[in-house]
Amino acid sequence: MMYENGKSDSAIVAKKLANEAKRFAEELVERRAEAKGNALQQSTRRTQSRGSVTQALERIRQRAREDRKEKFTALLHHINLELLEAEFYALKGNAAAGVDGTTWKDYEAADLRGNLQALHTRIHQGTYRPLPSRRVYIPKPDGRQRPIAVAALEDKIIQRAVATVLNAIYEEDFLGFSYGFRPGRGAHDAMDALVVGIESRKVNFILDADIRSFFDTVDQKWLIRFVEHRIGDKRIIRLIQKWLRAGVLEDGQVRESEIGTAQGAVISPLLANIYLHYVLDLWAERWRRRDAAGEVIFVRYADDFIVGFEREGDARRFLEMLRDRLGKFGLSLHPEKTRLIEFGRFADDNRKRRGLGKPETFDFLGMTFISGKTRQGKYQVKRKSRSDRMRIKLKEIKQELRRRMHQSIPEQGKWLGCVVTGYFNYHAVPTNSKSLATFSFHVTALWRQTLRRRSQKDRTTWAKIGAMARDFLPKPHILHPWPDKRFAVTHPRWEPYALIGHVRFCAGGAQ
């Protein structure tokens with residue numbers, strides 16, 4: 001992308017790298033001698049930067065809380081050098097580079113302060129031009145490829161900075177049942193809310209909904225109109241429009257589109273939440289209050305959402321009206337991933353009376369939700385890891401083990417330990433013990449298979465691989481608290497929209 005003076009982002013960064021190379025070589029010894037002092041000064045500056053940024057954001061947050069209809073007309077001055085530096089250090093050092101090839105370490109080594117100062121100047125002078133994102137593909141559980149856009153480093157920094165400022169406003173607007181890509185919220189919070197809602201409210205039917213190709217079908221004009229409800233600073237609006245129009249570089253060609261927002265871009269999750277806040281969340285909350293005859297719960301994580309109903313009539317009317325509502329804004333439900341099923345504490349008995357089998361299950365955030373009972377006969381929503389996701393993970397481990405076949409056993413064990421730990425950190429939820437044990441068994445079997453392939457004389461027995469697994473792999477045990485326990489801690493006060501209804505949460509859970 002070209003500036004007004006004819007130079008590109010990548011050309012300027014390359015020139016800076018070349019100019020700094022000689023000085024860096026000449027001052028290498030002095031830099032080593034000053035390392036302790038420089039590190040201390042940098043740490044102090046970063047601490048002060050974070051403090052000033054936090055204070056500024058708190059003032060924005062307070063104004064947004066006091067007046068839910070106020071338009072913020074002056075926000076760009078909050079995108080200052082301190083915030084840019086804070087967001088740079090918040091990026092992962094090993095993050096993938098964009099089309100210009102600039103990495104985090106390259107940018108830091110080539111006069112970080114000067115680079116950020118130049119970036120800050122371009123932003124405030126209006127000469128900043130984002131580079132197109134680099135297209136990469138990652139495999140999806142169904143075998144298809146998910147397109148991901150990798151932005152250039154400077155674009156990531158600015159998008160993070162703008163998202164930080166806008167989050168201070170929109171976190172006061174977003175409803176409680178929205179969990180995806182929000183500060184202090186995550187997938188386990190969404191699952192906890194869903195389990196507590198099903199177990200404590202009158203839920204007999206579940207609508208498992210998925211919006212088809214959401215990030216690719218977002219209407220950019222509607223998106224900007226939604227942003228303008230709260231943001232009156234035209235300079236911020238222009239930045240968002242630049243990112244939407246920057247395009248994606250694929251097969252040597254830059255493809256631009258008037259619809260969609262690049263999945264994988266730093267700013268995209270926030271823009272997606274803003275879009276769905278106005279298209280779906282506010283409408284669903286109003287529908288629950290005005291049109292529902294029975295109780296309704298709602299949990300959304302990005303473009304995946306679950307709606308629970310007391311009455312089947314409500315569920316069918318909601319689904320029909322939902323299709324119309326989404327269609328007005330260029331969205332549609334995925335026909336294969338959207339289902340209305342009977343699920344809840346009375347579903348088992350009701351289906352038995354009609355001569356049907358056990359209640360169907362549904363998937364949400366990598367888990368399969370099952371309508372079951374405790375050993376004492378009390379109703380309980382059980383969760384287990386999705387079988388298809390587990391098979392894909394094991395296949396990835398098998399391929400990587402083959403690549404690491406001739407590494408030493410301690411090296412293989414250390415790597416496998418990290419992989420299994422990461423898997424358990426997400427999947428080790430209550431009622432999922434059998435899936436954890438199954439995963440651990442198959443990983444151990446794959447490790448033994450790999451070792452036996454190294455030589456025809458290999459004598460790695462099950463007893464030996466079992467001892468190695470005990471040394472290197474974590475034991476499969478539950479790491480997460482029960483949903484009602486963590487949910488009660490997370491929502492210890494009145495949360496009007498946590499389950500789309502005025503529900504009081506106390507130490508004992510939902511009431």
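**Helix packing and a few residues**

Modeller: Happy to: α15 passes α16 in a right-handed crossing, right-handed being where the near helix is turned clockwise from the far one by less than a right angle. This is a predicted model, where local features need pLDDT of at least 70, side-chain atom pairs count only at pLDDT 80 or more, and totals for chains, interfaces and linings use all residues. Residues are numbered from 1 along each chain as its sequence is written, and side-chain values use heavy atoms, leaving out hydrogens and water.

Colleague: At what angle do α15 and α16 pack?

Modeller: About 170°, with the axes 12 Å apart, for α15 (residues 387–403) and α16 (residues 409–427). The two are therefore roughly antiparallel, a label for angles over 145 degrees.

Colleague: Which residues of α15 and α16 meet?

Modeller: Met390, Lys393, Ile397, Glu400 and Leu401 in α15 meet Trp415, Leu416, Val419 and Tyr423 in α16, with contact meaning heavy atoms within 4.5 Å. By class, that contact has 7 nonpolar, no polar and 2 charged residues.

Colleague: Switching to α7, how many of its residues are buried?

Modeller: In α7, 16 of the 18 residues are buried, meaning under 20% relative accessible area with a 1.4 Å probe, protein chains only. Helix α7 covers residues 153–170 and reaches 25 Å from its first C-alpha to its last, close to the 26 Å expected at 1.5 Å a residue.

Colleague: And Lys105, buried or exposed?

Modeller: Lys105 is exposed, at a relative accessible area of 60%, where exposed means over 50%. Lys105 sits in helix α5 (residues 104–109).

Definitions and conventions. Helix = DSSP H or I, 4+ residues; strand = E, 2+ residues; numbered from the N terminus. Expected span 1.5 Å × (residues − 1). Axes fitted to C-alpha atoms, helices over the stretch in contact; angles between N-to-C directions. Parallel < 35°, antiparallel > 145°, perpendicular 65-115°, else oblique. Nonpolar A, V, L, I, M, F, W, Y, C, P; charged D, E, K, R; others polar.
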